[in-house]
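Please keep the sequence and the model open beside the text while reading.

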Amino acid sequence: MAPQRSTGGRKYTCSSVSSLKVACQYCNELYTSRGLKSHEQSCLRRKEKKKEDREFSRAAARSILKEGKHKHRSNKGRTHEAARDTTLVIQEAGSAADSPSAADSHYHYDDAGFEGLDDVQSVGKDTRLRSDSDISMGNNIPAPISVATATTSDRLDTFKTEYHPHSGRAPIVESFSVYGTNKPETTQSPVIDDEPWQPFSCRADFEFAELAHRAALSKDQTNELLKFIWRVADGRTNFTFKTHNDVSAAWTRASSQLTPFERHVVPVEYKKENIEYEVYSRPLWDWALDLLDNPLLAPQFVWDAQRLYKHDGTDFERFFHEPWTGDRWWDLQTSLPHNGAPFAFILYADKTHLSSAGAVKAYPVIARCGNLPVEIRNVDGPGGGRLVGWLPIVPADSDEDGKLSYTNLKKVVWHKSFTILLETLSLISKTGFAHQCYDGILRWLFPLILILSADYEEQCVMALIRGFNSACPCPICLVPKDKLTDHSTIYPTRVIDDAQACVRLWNMDRTAGEAALKKQSLRPVDNSLWIVERSSPHDALSQDTLHAYDSGLFGDHMFEEVKAHLKTLGRTAEKTTDDQFAAFPRWRNLNHFNHVTNISFSDGNKFLDISKQILYTTQNVLTRKDDEAGYALLKCIASYLHAYMYITFDVHTESTIAAGEAEILVFQKCLDQYIEVLGDEATKNWNFPKAHSMRHIFSDIRAKGAARNFSTRPNEKHHGPIKKAYKLQTNGKDIANQILRLDHTTFVSVVLRNRIDHFDDERRKAILSERELETEDLDDRSFGGHIHLGTPQSAITFAQLENDNVSNRAFGQFRKKLSTFLNHALPAYNIPLPDGKTWLTLSAQDTVQEHRYLKVNYESVVDWKLTTDHLRCNPSFHGRERRDCALVRTQDKDGNNKNIFVRILFMFKQSIGSQTLDLALVQPMDAPTGPQHAIDQDLRLRRLRARPLASTEFITLHSVIRGALLVPDFASTRGDFFLVDYVDSDMFLRSQRYMF
């Protein structure tokens, strides 16, 4: 029986605590006495499942073999024995589940408060949370398999991994508790250098040089700092630097460890004049070898294509996330020799302004390795993005700009320069490169360009098409320019052979060649990517959410339309919208805006946050009555946001991809309706390439994994350090050479810092005992358990609390209602009342300690990984009252599970005898809202209604599932709110699956 709420109608799922330790009768481990019962139940279930696991192991093996998925049986020419007789490798689940590592891989909510119950730990369908996110969700080394029972409920969270036939690896089936937790088994530890700071004389020298570099200290500043250090710390450490020249000399020695930049001259003939352009490049394959030779990165590389599946209760459903889980990697590996593997490059290029006036520009090229997991590839570090090229920029010329010949000159310069960057890959992409990988297997690595990450303008340069005004403005397919909003028709895909044939024809016959090129909107230039095998630019180019949607389709188009409609309605409509944006509740990582109707900027991240708020802040302004076209535009934006949320999932299943593709057709219909309502007032032409990009986005996801794999967001972050270096560390002359030298120093510094951190970690592990390490590992977590209360306030008495809130109806009869709640809750979880009492009465002089910050761990329903929400309940947070909301787990009066939203009004710890409970006073948001409002259906809004403040309730904070962002319905006088389900992918998918 769960403790009832104070009104006796609803039960909040929670759990118990105790400080006593009792041995479990099944595993003999010590647990708190109040939590022992739930543990023994779980322990018994695991014991019983051992027997059932064997049965499911056999069933799973028969199921996979029956599906006929082992296509590599037919490869009779293969000599590897495993290819002719594929078997399913299975380890009994009991051995993994009972091991310490398996136990440590889940959160067990043993914090003070009500905890210990399985349903408190449950989020979604599984009853356990995985505490450590795996590296790739499908590691490149086959791990022992643990499988669940053959029942539908247990198979629901079962995963299957199918490897490419060339890998010679058998399919594996894993239960949720095991999937992704096994790290690659290694025969030896990474090489540990006793002096990882070499060639710096000592560690202190490196750390000082690193600090001086990061701080962008000038020569004079460095000399002054060195004098100060020697005055203060002489003799305390082995520190040898005395001048800036010493630091520079050390960086010079260290720089030789990694591939430096090289300067090249590109000669181009234009109007019978030979023009030379400078290009700087870090040879791509040499940079790749730097990655491969890094002992800390070597275990992280993934070589084999994988097809991943998760059981949905009926069958295995495929899912996509990393590049090697997409179809393109599978097809590429199929085209390679049996022991060949792709070395996948992800390249980005875009111009940026270095000076505030825009007169000084840079054209950097950033490379990433697609074989490394996204947690390494898309962050700063030795395995992250690296500046590998600096392209020349053909200057503007008022006499020549706009001429076809001058436009073609710019494309020739770009591709001749890019050819220099790619030339180390050209031969190796054909012959392969033998490399002894970390798993001991000798593989032939074939470099290729898997992904080109760029905005539309750069895509046109990379694909050598003629751009927006051409007949076929898409760099991927041959869609006519007047059909760019047609997402239901499939148009022919561009192929290299056609482009090469057109260029050859142009070289032989300019007239016929120009006609052929113009028909396909191509330029008469050899594409630099043609020199790298299996690197078609049309296959590698990918849809970028930042430019195509955030700053493109929404920022440049739909948002501008919204502002135009508001302007037509008058200043009152604009002011109302601005005021409602200013009143929008704050949320972590969501930009807040005091006004939006008069802003003009091109920050895609800001546009993204505006798009997530605009429906709620304009739904009572752009009404059907006041502006029918504006209302139709809001319906279009609602569909766009649904499609966008599906597009930006970090993990896609076949069902979410299908839902996203269906939503794109809905968006097309809504857009057509908006244009129709506008009628003769329609002035915008919606046939532009960024609107068409939706036609290709889910094909890209199927081919290359989640959209974050080809996003420009992590690449554009590199513009900041380049601009900072220009401003603080150059003299404005020969800037490319200076900036690239500084960037190389940064690269060396990052690699050395990574080695030193690893060295410190290994030395610490060698010193500490195993028991101390286990304790320290727990301490290293952001926090252990389901919730963590922070920002404690001074303890106050109930009398003072009630007196301070005497005018607040939410706190009416606070002490009496809390007593009633505790008298129901504590016995329900076998927590005895103190001093043998049968009824607990709280005294006015008893104290309570308020907390104003709450962290909540929950499992995302999108990627099944642990996620943290940060909630505030503060009367003055940065000068404003903030009372966040949450989704909580309850039971109705009939014992049925029901999740509801609440507004948190007061969080506190309450001591009862020797127990300390984590509680909150909340306002339920589950009052009946009546029939669905037309606007809610049209704009796909989820309406909630608050119960009166006098109906506040107490809950245990362990019943909180996750945080929630609720915004007032600014048109309502009944206390209505809307759920902002666009706040993150987890909340969106919960909303779509009606998990409330």
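## Terms and basis

Contact here means heavy atoms within 4.5 Å, and helices (H or I, at least four residues) and strands (E, at least two) are DSSP runs, numbered from the N terminus. This is a predicted model, in which local features need pLDDT of at least 70 and side-chain atom pairs count only at pLDDT 80 or more, while totals for chains, interfaces and linings use all residues. Residues are numbered from 1 along each chain as its sequence is written, and side-chain values use heavy atoms, with hydrogens and water left out.

## The chain as a whole

The secondary structure of the protein comes to 33 helices and 32 strands. Of its 996 residues, 56% count as buried, where buried means under 20% relative accessible area, exposed means over 50% and partly exposed lies in between, with a 1.4 Å probe and protein chains only. Among contacts between residues at least 6 apart in sequence, 70% join residues at least 24 apart.

## Helix H11 and its cover

Helix H11 spans residues 327-335, and its buried residues are Arg328, Trp329, Trp330, Leu332 and Gln333. What covers these buried residues includes the strands E6 (158-163), E10 (306-311), E12 (340-349) and E18 (442-453), together with the helices H18 (537-540) and H25.

Two strands pair if DSSP finds at least two bridges between them, and strand E11 (residues 316-320) pairs with E19 in the antiparallel sense over two bridges. Within that pairing, Phe319 stands opposite Thr653 in E19.

## Two helix pairs

Two packed helices are described by the angle between their axes and the distance between the axes. The axes are lines fitted to C-alpha atoms, for helices over the stretch in contact, and the angles run from 0 to 180 degrees between N-to-C directions. Angles under 35 degrees count as roughly parallel, over 145 as roughly antiparallel, 65 to 115 as roughly perpendicular and the rest as oblique. Helix H22 (residues 628-647) packs against helix H25 (residues 694-704) at an angle of about 20°, with the axes 11 Å apart, and the two helices are therefore roughly parallel to each other. In this contact, Tyr640, Ala643, Tyr646 and Ile647 in H22 meet Met694, Ile697, Phe698 and Ile701 in H25. By class, the contact has eight nonpolar, no polar and no charged residues, where Ala, Val, Leu, Ile, Met, Phe, Trp, Tyr, Cys and Pro count as nonpolar, Asp, Glu, Lys and Arg as charged, and the others, Gly among them, as polar.

Helix H16 (residues 496-508) and helix H17 (residues 510-519) pack at an angle of about 155°, with their axes 6 Å apart, which makes H16 roughly antiparallel to H17. Here Cys502, Val503, Leu505, Trp506 and Met508 in H16 meet Arg510, Ala512, Gly513, Glu514, Ala516 and Leu517 in H17, and the residues of this contact divide into eight nonpolar, one polar and two charged.

Strand E22 (residues 847-859) and strand E23 (residues 866-877) pair in the antiparallel sense over seven bridges, with Val856 standing opposite Asp869 in E23. These two strands form a hairpin with six residues between them, and Trp864 in the turn has a positive phi of about 60°.

E23 also pairs with strand E24 (residues 880-883), in the antiparallel sense over three bridges, and the bridge partner of Cys873 in E24 is Arg883. The hairpin of E23 and E24 has two residues between the strands, and His878 in its turn has a positive phi of about 55°.

## Residues in loops

Leu842 lies in the loop between helix H31 (814-828) and E22, and at 4% relative accessibility it counts as buried. Leaving aside its neighbours within four places in sequence, Leu842 is in contact with Phe798, Arg815, Leu818, Ser819, Leu822 and Ile912.

Ser521, in the loop between H17 and H18, has a phi near 60°, a positive value in a residue other than glycine, and is buried with a relative accessible area of 0%. The peptide bond from Gln198 to Pro199 is cis, with omega near 10°, and Pro199 lies in the loop between E7 and helix H7 (203-214).
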